[in-house]
Amino acid sequence: MSVSRIAILISGRGSNMGTLLQACERGELPAQVCLVLSNRADAEGLDNARRAGIATACIAHGDYPDREAFDAALVRRLQQAQPDLVMLAGFMRILTPVFITPFAGRLLNIHPSLLPNYPGLHTHQRALDAGDSEAGSTVHFVTPELDGGPPVLQARVPILPGDTADSLARRVVALEHEIYPLAALWYLQGRLTLNQQGAFLDGQKIPPSGVPYRPQDAVRHDAADRSNQQRPC
Ligand code: GRF
């Protein structure tokens, strides 16, 4: 498999970006990160990417008169980097078709809820307030509907007595670090596609809640080891 090019968009901490960088460095993903792009100059993840020797750029949304002008600037910069796959990883701007159309079918997002539940913000608190027994995260293709594109992969965690939005977020993000590289791997292997009928893995239509995540499929060796340890004797 030839080395593909991944661009990652962030707005903050960038821990998902970090795991994608690591997966590329370790050879677990047959890809290089060609650009990390942020709308915020102070995004912690930008510094980490720079330290890792990755090309970075900041395009501040406040410098543009409207969403479309900002999105057009993002597209121009991304097209210079020639990505095969664009991954939103905590990118906190609503994107318009100006951005989404040029990258349709090669644009993924990770959202910290069991979509279609809780699109938008404050997902963990909303799951707690609703008395849900489970929370989780979903990787999905991006379409113009906010957090509404076809799901690809979904990981679940139980909600435990005494959980807060923060404690839940910590457990969910740990699983995100397993599912986002896996979805990227499927895409880069040509196994994951999007067409008018929806998202497909190995030619099979993916169900509306995404493929259920199995830890033994993790691309990270340490995650796979953990799943072996959890397997009953
Ligand atoms: C993640 O929980 C992701 O699901 C959401 O934003 C958060 C980003 O976290 N879209 P990080 O910046 O990758 O640490």
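**Exercise 1.** What volume does the largest pocket have?

*Solution.* The structure is a predicted model, in which local features need pLDDT of at least 70, side-chain atom pairs count only at pLDDT 80 or more, and totals for chains, interfaces and linings use all residues. Residues are numbered from 1 along each chain as its sequence is written, and side-chain values use heavy atoms, without hydrogens and water.

Step 1. A pocket is an open set of points on a 1 Å grid over the protein atoms alone, where a 1.4 Å probe fits, with protein on both sides within 12 Å along at least five of seven lines.
Step 2. The volume is the space filled by probe spheres set on the points, which are joined across faces, edges and corners.
Step 3. For the largest pocket this volume is about 1100 Å³.

**Exercise 2.** Find which residues and helices line the largest pocket, and where the pocket lies.

*Solution.* Step 1. Lining residues have an atom within 4 Å of a point. There are 39 of them, and Gly90, Met92, Ile110, Pro112 and Leu121 lie nearest the centre.
Step 2. Helices (H or I, at least four residues) and strands (E, at least two) are DSSP runs, numbered from the N terminus. Helix H6 (165-188) is among the elements that supply at least two lining residues; H6 gives the most, with seven.
Step 3. Domain 1 (1-103) and domain 2 (110-219) both contribute to the lining, so the pocket lies between them. The domain bounds come from an automatic or database domain assignment.
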